[in-house]
Amino acid sequence: MAAVITLSSDFGSPYPAAMRAVIRQWTATELVDVAHDLPRQHVAESAFWLREVLPYFPPAVHLAVIDPGVGTDRDAIVVRAGAHALIGPDNGVLVPAARRLADRVDVYRIDSRDGAVEGTDRTAWPPRTESATFHGRDVFAPAAARVHEIGVDGLETDDGLTPTGEYESLAFPEPTVSGREATGTVLAVDGFGNAVTNVPGEHVADHFGGAVTVDGRSVPLRRSYAAVEPGQPLLTVGSHGNVELAVNQGRGSDAFGVDTGDQLRLSWGE
Amino acid sequence: MAAVITLSSDFGSPYPAAMRAVIRQWTATELVDVAHDLPRQHVAESAFWLREVLPYFPPAVHLAVIDPGVGTDRDAIVVRAGAHALIGPDNGVLVPAARRLADRVDVYRIDSRDGAVEGTDRTAWPPRTESATFHGRDVFAPAAARVHEIGVDGLETDDGLTPTGEYESLAFPEPTVSGREATGTVLAVDGFGNAVTNVPGEHVADHFGGAVTVDGRSVPLRRSYAAVEPGQPLLTVGSHGNVELAVNQGRGSDAFGVDTGDQLRLSWGE
Amino acid sequence: MAAVITLSSDFGSPYPAAMRAVIRQWTATELVDVAHDLPRQHVAESAFWLREVLPYFPPAVHLAVIDPGVGTDRDAIVVRAGAHALIGPDNGVLVPAARRLADRVDVYRIDSRDGAVEGTDRTAWPPRTESATFHGRDVFAPAAARVHEIGVDGLETDDGLTPTGEYESLAFPEPTVSGREATGTVLAVDGFGNAVTNVPGEHVADHFGGAVTVDGRSVPLRRSYAAVEPGQPLLTVGSHGNVELAVNQGRGSDAFGVDTGDQLRLSWGE
């Protein structure tokens with residue numbers, strides 16, 4: 001049984017504490033906040049961050065609520081990926097992390113019921129949609145507690161879950177790489193202003209110490225930020241394994257004028 | 001005995017870690033951060049958030065420090081509300097949450113003493129007012145650890161606490177509802193920009209799918225944000241059970257030009 | 001053995017969760033976030049905050065990554081200070097906290113190895129520098145888990161650590177105090193806008209209720225913020241024990257036009 005429940009959302013504060021509180025009504029297991037400032041209502045960029053962080057955990061139940069469609073007829077789902085389970089809205093946000101965690105994923109729909117819970121037993125299972133605007137508290141938190149309780153092997157037979165083959169997928173754009181050129185896309189900008197592309201670092205791995213041309217501008221390719229002077233731009237291969245646009249002690253996204261979703265062309269020496 | 005101590009403040013970072021550290025000198029029990037970015041030195045709006053979140057926890061000790069009067073002669077208090085205990089300054093911030101947690105509340109004054117603690121035993125009880133500016137660390141954190149240790153049944157006889165019938169109350173403004181009209185007040189604006197009013201949702205419950213007039217402007221009333229197009233305003237009944245001014249994937253507070261404390265007039269169809 | 005591992009960084013979000021995740025692969029011990037919004041790439045101001053908060057913890061392993069030189073040849077170190085261990089880059093950021101924790105400090109270099117870890121065993125020891133940009137995840141988190149495992153008494157003989165007498169020190173500027181005058185430096189500005197100087201409060205302790213002249217401007221010296229009207233400036237002795245420039249319910253750094261590193265002259269009455 002997973003020992004940890006992780007929590008991710010774009011809720012800011014203090015709503016995540018209500019999810020923690022509801023889970024605490026069921027279980028004393030450890031709760032770990034991954035982030036609650038994921039890009040607000042931005043499913044794809046949030047999915048990127050979940051894919052980069054969740055696989056480092058030992059087997060766990062991962063609650064992740066980035067849910068612009070809350071209260072519509074989008075499903076709430078549990079995704080099994082190996083010994084991990086991911087819980088959230090059926091809008092694709094869980095899929096890239098699940099696929100990195102395991103080759104095979106199985107998806108279950110959460111059968112929530114209309115109407116408030118009677119009395120003080122707020123965490124009935126299957127969950128009740130007490131509100132149409134805060135399913136993090138009213139649907140996903142009870143689901144996380146339930147999945148923690150039954151374990152991934154119990155998903156198949158739980159009376160609040162229904163196996164489904166239909167769910168929203170989500171794929172990041174693929175780069176076009178040809179010879180010594182690539183056309184890539186910025187998948188995310190981190191808090192330091194580093195712009196993470198989808199171009200795998202392996203393509204430029206032989207050129208560290210040299211330069212890469214970014215949309216016509218020649219930029220040093222270095223292994224670390226501090227290999228150029230403070231304030232100077234560089235390309236590096238970041239912790240995600242992809243080419244990253246950066247500035248030593250500055251913001252690469254500003255220096256290169258790029259944001260999530262922007263395309264750029266890279267070319268490198270022979 | 002409560003298994004959890006929750007921590008809330010307007011301290012930002014890193015001061016809350018000093019409260020955690022002091023509590024850890026006494027007890028290894030679980031510490032849960034509710035929020036440390038509560039509206040800075042805004043007692044009423046912080047009290048609203050505490051009321052909305054704390055009641056979802058199982059019985060717990062709740063430390064909550066929003067304390068513009070730190071170092072003055074305002075008291076430090078413990079409030080018993082059923083199996084919960086709330087600890088903080090006597091400025092009303094604890095009262096709405098306590099009254100939602102239990103019908104009866106009992107209040108105890110924390111008898112802190114002047115002067116620094118001798119040696120390294122920083123967490124003496126009753127607490128010493130080592131600083132006049134950080135009672136979160138020097139008074140409230142030791143008090144939370146102490147209350148966790150003795151439990152709510154030990155409050156009556158603790159030598160650092162004195163029962164008191166006098167304490168600052170705090171009540172939110174009440175809406176005026178008459179027929180198909182209401183005059184309400186914005187109690188809080190959340191991180192998404194949703195403006196939460198004090199008008200109970202039950203008054204408009206029969207009008208979902210229709211419209212509500214807000215200060216002369218007709219606005220759709222919907223169960224979920226995504227029931228209108230992105231960028232469009234709507235009224236909904238939020239997770240707090242009250243009428244809420246919102247924009248799908250936008251900020252209701254901007255669209256309606258309202259902030260905490262503002263009044264507005266609502267009317268709805270027959 | 002220390003029961004707690006604390007985590008501090010300037011990473012923002014969500015990178016700290018990857019450090020937590022890696023540590024969780026080794027140990028279920030409690031992880032406490034001190035702050036992840038320490039002044040970005042500002043070693044001295046971050047060192048100040050670590051010195052102010054970490055000593056309040058019972059014996060612990062403290063991971064602290066403010067690391068503008070990540071990926072260069074700066075060392076990664078473990079500092080033993082009494083029953084505490086501090087882990088981070090060798091740039092001085094750990095030193096003021098360590099010196100406050102204990103009179104004697106012993107320093108060990110972490111012997112990380114080049115290249116990715118084989119297979120899924122990401123937390124091999126000694127650590128591998130899988131990335132040159134995220135040693136928090138790839139070097140310091142495994143080191144924190146390892147130090148927790150072996151305890152401070154195991155540092156001397158661990159095969160991934162080498163005792164070293166050479167490490168970067170860091171000292172805060174000292175104030176010049178002469179008679180009733182002092183020239184001091186702002187060490188940090190906190191989230192409330194309080195500007196914390198390096199001038200010990202003891203020098204003005206007899207003048208509470210009177211005034212202090214700050215760069216030619218006479219300002220009330222009070223024990224608490226609320227002793228002046230809201231919006232009015234004051235000097236106080238803050239929770240750090242030093243003279244602090246503040247505004248009741250406002251920002252002292254704005255009112256006095258000062259920032260970290262600025263100097264100012266204080267004089268007080270006879």
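Me: What makes up the area buried between chain B and chain C, and how much of it comes from carbon and sulfur atoms?
Reply: Keep in mind that this is a predicted model. Chain B and chain C bury about 2,300 Å² between them, and carbon and sulfur atoms give 60% of that. On the chain B side, Tyr15(B), Arg24(B) and Thr133(B) lose the most area to chain C, together 25% of what that side buries.

Me: Which numbers of residues take part in that contact?
Reply: Chain B brings 25 residues and chain C brings 27.

Me: What makes Glu30(C) and Arg24(B) a salt bridge?
Reply: The side chains come to 2.6 Å, N to O. A salt bridge needs a Lys or Arg side-chain nitrogen within 4 Å of an Asp or Glu carboxyl oxygen, so the pair qualifies. The count between chain B and chain C is one salt bridge, next to nine residue pairs in polar contact, with both residues at pLDDT 80 or more.

Me: Which element gives the largest share of the side of chain B that touches chain C?
Reply: That's helix α1 of chain B, residues 15–24, with seven residues. By class, this side has eleven nonpolar, eight polar and six charged residues.

Me: What does the contact between chain A and chain C involve?
Reply: Here 27 residues of chain A touch 25 residues of chain C. The two chains bury about 2,300 Å² between them, 60% of it on carbon and sulfur atoms. Tyr56(A), Phe192(A) and Ser239(A) supply 32% of the area that chain A buries against chain C, more than any other three residues.

Me: How do you know that Glu30(A) and Arg24(C) meet in a salt bridge?
Reply: Set the value against the cut-off again: the N to O distance is 2.6 Å, and the limit is 4 Å. That pair therefore passes as a salt bridge. Between chain A and chain C the count is one salt bridge, and there are nine residue pairs in polar contact, both residues at pLDDT 80 or more.

Me: Which elements give two or more residues to the side of chain A that touches chain C?
Reply: They are β2 (30–35), α2 (43–53) and β15 (233–237) of chain A. The largest share, five residues, comes from β2(A). Sorted by class, this side has 14 nonpolar, eight polar and five charged residues.

Me: Why do β2 and β9 of chain C stand at the edges of the sheet?
Reply: Start with the strand order: chain C has an open sheet of seven strands, β2-β1-β3-β5-β4-β6-β9, with mixed pairing. β2 (30–35) and β9 (161–164) of chain C each have a single partner strand, so one side of each is left without a neighbour in the sheet. On average, neighbouring strands of this sheet are turned by 25 degrees against each other, direction ignored.

Me: How do you know that β4 and β5 of chain C pair, and in which sense do they run?
Reply: Pairing takes at least two bridges, and six join β4 (residues 76–81) to β5 (residues 84–89) of chain C, so they count as a pair. They run antiparallel, and Val79(C) stands opposite Leu86(C) in β5(C).

Me: What about β3 and β5 of chain A: parallel or antiparallel?
Reply: Parallel: β3 (residues 60–65) and β5 (residues 84–89) of chain A pair in that sense over three bridges. Leu63(A) stands opposite Ile87(A) in β5(A). Helix α4 (residues 135–150) of chain A packs on the sheet, and its direction makes about 170 degrees with that of β3(A).

Me: What makes the bond from Ser13(A) to Pro14(A) cis?
Reply: Its omega is near 5 degrees. Pro14(A) sits in the loop between β1 (4–9) and α1 (15–24) of chain A. In chain B, a cis peptide bond joins Ser13(B) and Pro14(B), with omega about 0 degrees.

Definitions and conventions:
Residues numbered from 1 in each chain as written. Chains lettered and ligands numbered in written order. Predicted model: local features only at pLDDT ≥ 70, side-chain atom pairs only at ≥ 80, totals over all residues. Heavy atoms only, no water. Contact = heavy atoms within 4.5 Å. Buried area = accessible area lost by both parts, 1.4 Å probe. Polar contact = N/O pair within 3.5 Å; in protein donor to acceptor, adjacent residues only side chain to side chain. Helix = DSSP H or I, 4+ residues; strand = E, 2+ residues; numbered from the N terminus. Nonpolar A, V, L, I, M, F, W, Y, C, P; charged D, E, K, R; others polar. Axes fitted to C-alpha atoms, helices over the stretch in contact; angles between N-to-C directions.
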